Amino acid sequence: MKCVKCKGDAVINIRRANAAFCKEHFNEYFIEQALKSIKYYRMFRKTDKIMVCVSGGKDSLVLWHVLHKLGCDVTGMYIDLGINGYSDRSKDKVNAFAEKFGLKSIIVDLREKGHPVPFAARRAKREDCAVCGTIKRYYFNKTAYDGGFDVVATGHNLDDESSRLLANIMHWHDEYMDNTYPVLPAGGNTLKKKVKPLVRLTERETAAFAILNGIDYVMEECPMSKGATSLIFKEALSTIEENMPGTEIFFYTKFLDRVKDKDRSKANQEEMKICQTCGMESFMDKCTFCRLVEKVK
């Protein structure tokens with residue numbers, strides 16, 4: 001297998017692109033795909049202050065690395081979810097990465113705040129993943145707001161977003177379709193813009209980039225995600241892609257083309273209120289996070 005660019009030995013074959021690459025040209029291809037998303041969807045300007053949400057996994061650490069390489073003003077933000085063992089190992093990866101590359105980081109510890117995810121889910125009598133999502137979304141935005149960041153970036157990749165889109169279509173959840181868009185606009189005075197620069201790249205490609213560039217990440221899945229339905233949709237898309245390369249990105253990008261002209265910022269502004277408890281933007285008088293915390297106390 002030879003690199004399509006230089007005819008040297010290839011290290012990875014990307015069937016949907018009908019191309020194989022050596023390390024140098026795979027890195028070039030990877031960053032080109034991220035840049036293509038950043039520019040096409042107008043995710044941020046070079047002067048913007050960016051906060052990357054990192055979990056210790058491959059996607060978020062790779063995104064942090066790529067944005068740093070591109071010369072962005074970027075800080076990593078990690079939430080210690082309070083999952084015994086797993087959270088400690090993930091945090092160690094984040095701290096080691098920040099130290100290795102000399103990058104700025106912020107740690108939010110849910111155990112110190114009194115609502116680690118396993119405890120909060122048990123007290124609220126809700127599913128672990130639902131509680132985790134509510135807490136993470138709140139602290140992603142609150143930390144960015146408090147820190148004066150312009151943009152919140154996450155490591156969601158093509159597999160994440162296409163499987164979520166498929167799940168929403170299978171259940172006709174029209175109201176959640178917009179959440180798969182690569183840019184979620186700011187709203188009101190406190191809701192920060194959110195972007196997903198890796199939406200044109202698969203999990204396999206981010207894993208390859210991490211390994212080839214010495215990025216050490218936590219490989220184990222979150223123990224609380226066992227049985228998550230999102231994994232079923234990812235597996236279904238993987239089977240389709242294996243038999244028909246290119247189908248997954250066609251499915252996702254064609255959806256984006258159909259909805260790209262929708263004015264999401266206007267929709268947000270019309271529905272926004274101020275949470276009576278925390279003062280952050282909310283769709284109700286009291287935000288979902290503050291209602292959850294009340295149940296946990």
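**Figure 1. Arg42 in the loop between helix 1 (23–40) and strand 3****.** The model shown here and in the other views is predicted. Arg42 has a positive phi of about 50° although it is not a glycine. With a relative accessibility of 71%, Arg42 counts as exposed.

**Figure 2. Lys7 in the segment before strand 1 (12–14)****.** Lys7 is not a glycine, yet its phi is positive, at about 70°. Lys7 counts as exposed because its relative accessibility is 58%, and exposed means over 50%.

**Figure 3. Strand 3 (residues 49–54) and its pairing with strand 4 (residues 73–80)****.** Five of the six residues of strand 3 are buried, so this strand is largely enclosed by the rest of the structure. Strands 3 and 4 run parallel and are joined by six bridges. In one of these pairings, Lys49 has Asp73 of strand 4 as its bridge partner.

**Figure 4. The salt bridge between Asp80 and Lys91****.** The N to O distance of this pair is 3.1 Å.

**Figure 5. The salt bridge between Arg15 and Glu242****.** The closest N and O atoms of the two side chains are 3.6 Å apart. Because Arg15 is in the loop between strand 1 and strand 2 (19–21) and Glu242 is in helix 9 (residues 229–243), the pair ties together parts that are 227 residues apart in sequence. Arg15 is partly exposed, at 43% relative accessibility, whereas Glu242 is exposed, at 53%.

**Figure 6. The salt bridge between Glu205 and Arg16****.** The two side chains meet with an N to O distance of 2.7 Å. Glu205 lies in helix 8 (residues 203–212) and Arg16 in the loop between strand 1 and strand 2, so the chain positions linked here are 189 residues apart. Glu205 has a relative accessibility of 2% and counts as buried. The whole structure contains 19 salt bridges.

**Figure 7. A positive surface patch****.** The patch is formed by Arg126, Arg137, Arg291 and Lys295. Arg291 is placed in helix 12 (residues 288–296). The relative accessible area of Arg291 is 31%, which makes this residue partly exposed.

Conventions:
Residues are numbered from 1 along each chain as its sequence is written. This is a predicted model: local features need pLDDT of at least 70, side-chain atom pairs count only at pLDDT 80 or more; totals for chains, interfaces and linings use all residues. Side-chain values use heavy atoms; hydrogens and water are left out. Patches are made of residues with over 30% relative accessible area and no salt bridge: like charges are joined within 9 Å, nonpolar side chains (Val, Leu, Ile, Met, Phe, Trp, Tyr) within 5 Å. Accessible areas come from the Shrake-Rupley method with a 1.4 Å probe; for residues, only the protein chains shown count as cover. A salt bridge is a side-chain nitrogen of Lys or Arg within 4 Å of a carboxyl oxygen of Asp or Glu. Lys and Arg count as positive and Asp and Glu as negative; His and the chain ends are not counted. The place of a charge is taken as NZ of Lys, CZ of Arg, CG of Asp or CD of Glu. Helices (H or I, at least four residues) and strands (E, at least two) are DSSP runs, numbered from the N terminus. Buried means under 20% relative accessible area, exposed over 50%, partly exposed in between (1.4 Å probe, protein chains only). Two strands pair if DSSP finds at least two bridges between them.
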